[in-house]
Amino acid sequence: MLERLRGQSDHERAKTVRAALDAHGIPKHLTYVDEAHGLTTRQGEQESDTSIMIGALSHPENSSHALFGSATPHKNDTSEIYAMGRLLDPERYSDAYRFSQNYGVGSVAAPDAVRRELDHRTYTAAIPPDG
């Protein structure tokens, strides 16, 4: 199935997985992934099998809600932030080039702009070391 999914768009992947879930009587559900930063794909890298499958399972076609936990949601660059945004909202974040133009390297305002863009989709908190 993964080879088939690899050649499909996000929406086609979601529909393929929905058909498989329906065949087994599995309804829409909550998708939760801990250490979700492992699902991000840097620009120029091939998507991992796990990222493809979780993306299809967490698509609104298949999940009523999705929750991705990570202490390091964007380790390296804008392409990884885009990859996380695409998992959260594949319809809104369907164009990596446009995302990079809006929020990528070269703009002093980019970090603040991407924070504002994704703020309503994220929750940030820290646990103090003292407890």
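Is R13 buried or exposed, and at what relative accessibility? At 6% relative accessibility, R13 counts as buried, where buried means under 20% relative accessible area, exposed over 50% and partly exposed in between (1.4 Å probe, protein chains only).

The structure is a predicted model, in which local features need pLDDT of at least 70 and side-chain atom pairs count only at pLDDT 80 or more, whereas totals for chains, interfaces and linings use all residues. Residues are numbered from 1 along each chain as its sequence is written, and side-chain values use heavy atoms, with hydrogens and water left out.

A search of the whole structure finds eight salt bridges, a salt bridge being a side-chain nitrogen of Lys or Arg within 4 Å of a carboxyl oxygen of Asp or Glu. One of them joins the side chains of R13 and E47 at 3.0 Å, N to O. R13 lies in helix α2 and E47 in the loop between β1 and α3, so the pair ties together parts that are 34 residues apart in sequence. Helices (H or I, at least four residues) and strands (E, at least two) are DSSP runs, numbered from the N terminus. E47 is buried, as is R13.

R13 also meets D10 in a salt bridge of 3.8 Å, N to O. Both residues lie in helix α2 (residues 10-23), three residues apart, about one turn of the helix. D10 is partly exposed, with a relative accessible area of 22%. A network of salt bridges links D10, R13, E47 and R86.

A further salt bridge is formed by the side chains of R6 and D49 (2.5 Å, N to O). Since R6 lies in helix α1 (residues 2-6) and D49 in helix α3, this pair ties together parts that are 43 residues apart in sequence. R6 is partly exposed at 23% relative accessible area, and D49 is partly exposed at 39%.

The loop between β1 (29-33) and α3 (49-58) also contains T40. T40 counts as buried, at 11% relative accessibility. A polar atom of the T40 side chain lies 2.8 Å from the backbone oxygen of H37.

In helix α6 (residues 110-118), the buried residues are A110, A113, V114, E117 and L118. They cover an arc of only 120° around the axis, which puts them on the same side of α6; the arc is that of the directions from the helix axis to the C-beta atoms. R115 and R116 are exposed on the other side of α6. The cover over the buried residues of α6 includes α4 (78-88) and α5 (96-103).

Key
A polar contact is a pair of N or O atoms within 3.5 Å; within protein, one must be able to donate a hydrogen and the other to accept it, and residues adjacent in sequence count only if both atoms are side-chain atoms. Contact means heavy atoms within 4.5 Å.
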